[in-house]
There are 2 protein chains.
Amino acid sequence: MCESEETRTAIMEATFEALAEHGYADLTIQTIADEFEKSKSLLYYHFETKEDLLGEFLGYLTDQFVAQVQAETAADATADERLRATLDLLVPTELEVADRRFRTALLELRLQAPYSETYAVRFEALDARLDSTFEAILTDGVKAGEFDVDPAVGAHVLTTAVTGEMLRMTTGGTDPATAREAVYAVVSRFRT
Amino acid sequence: MCESEETRTAIMEATFEALAEHGYADLTIQTIADEFEKSKSLLYYHFETKEDLLGEFLGYLTDQFVAQVQAETAADATADERLRATLDLLVPTELEVADRRFRTALLELRLQAPYSETYAVRFEALDARLDSTFEAILTDGVKAGEFDVDPAVGAHVLTTAVTGEMLRMTTGGTDPATAREAVYAVVSRFRT
């Protein structure tokens, strides 16, 4: 990893920690800098505003999701196994306090999208990436005879399901077990 | 309608207008009072804080949803027809500017739930009301042989689908037609 890449990763990790700790509303470049072990001026050098930094962070998060999906799924896994691995990342069996806080902050940030083109573009890309990940899996699953569903529509349904459950878990009292059961009930309807 | 009920309805309607116009972040009791045609002191007499007022508003909205579902569905309608009428209210074919703004404000308010017991209780009740509305329809549909689904799980799936699509429409670039198609794709999987 080159120096600038290492710095970027360190900044992104500091942003993750600051979001989980402070939530979105109380987040400032300063609270992120407080989590950043390297020179604070380096952070200010890379990002002028909180919006710049969080926009970049959303891109990092999207890339991280793709990398995690690849890491969690074996090359010879069936479509169903890949789907389960992907859903496990998105709708975990338990939601620890820091994880719940981070996901809440991410949803708060998402609700800034109607007022910020920077965030709107990033969340649109995040949703599109979730859609395309699910669509690729469902397409393979249909070819292999595991699933019987229009891959594009099925993928949209699954992205909405995981995003909606996240919203209900953080703000509607839904527990993780119920959320998972509901998401898997949708998946079961896609199976042949 | 008695005087106090009429006043309450007028306050709730003013709150609706103020939320659609200003969004949640810029909402104050004063901006609501500006939409309220009767005496402003009457509004301050009924509600001490914005949180009190918005909590009450969320209860009003939940009641309005139930009343609208009843008004839209004929007594002799099939479960499938009742389900369609309910979904039409929640995922409309078009999202006009004021409607989009109002739904965005409602989601912003929802993201306050992790920090406010008043809102948390109300959104939990709203989700529960959506769940129970769908569950009653699916239960009747299963009895009538129209649907083949566990009514409680199917209801949770549908509440998540409509809530998730609302979030994606306001913050993720999903258009209303795609949202509706996805919700109806879920429903089609519940049919016998």
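Let me start inside the protein: the second largest cavity is lined by Val157(A), Val186(A), Arg189(A) and Phe190(A) from one chain, and by Val186(B), Arg189(B) and Phe190(B) from the other. By cavity I mean a set of points, on a 1 Å grid over the protein atoms alone, where a 1.4 Å probe fits but cannot get out, and a lining residue has an atom within 4 Å of such a point. Two elements give two or more residues to that lining, α9 of chain A and α9 of chain B; helices here are DSSP runs of H or I with at least four residues, numbered from the N terminus.

Quick housekeeping. This is a predicted model, so local features need pLDDT of at least 70 and side-chain atom pairs count only at pLDDT 80 or more, while totals for chains, interfaces and linings use all residues. Residues are numbered from 1 along each chain as its sequence is written, chains are lettered from A and ligands numbered from 1 in the order written, and side-chain values use heavy atoms, with hydrogens and water left out.

Back to that second largest cavity. Its volume is about 40 Å³, meaning the space filled by probe spheres set on the grid points, which are joined across faces, edges and corners. The lining splits into five nonpolar, no polar and two charged residues.

The largest cavity holds about 90 Å³, and 13 residues line it, with Val157(A), Ala161(A), Val157(B), Ala161(B) and Val186(B) nearest its centre. Helices α8 (151-171) and α9 (176-190) of both chain A and chain B each put in at least two lining residues.

The contact (heavy atoms within 4.5 Å) takes 38 residues from chain B and 39 from chain A. Together the chains bury about 3,100 Å², 63% of it on carbon and sulfur atoms; that's accessible area, with a 1.4 Å probe, lost on putting the two parts together and summed over both. On the chain B side, Leu111(B), Arg168(B) and Arg189(B) lose the most area to chain A, together 23% of what that side buries.

Note on methods:
On a 1 Å grid over the protein atoms alone, a cavity is a set of points where a 1.4 Å probe fits but cannot get out, and a pocket is an open set with protein on both sides within 12 Å along at least five of seven lines; lining residues have an atom within 4 Å of a point. Ala, Val, Leu, Ile, Met, Phe, Trp, Tyr, Cys and Pro count as nonpolar, Asp, Glu, Lys and Arg as charged, and the others, Gly among them, as polar.
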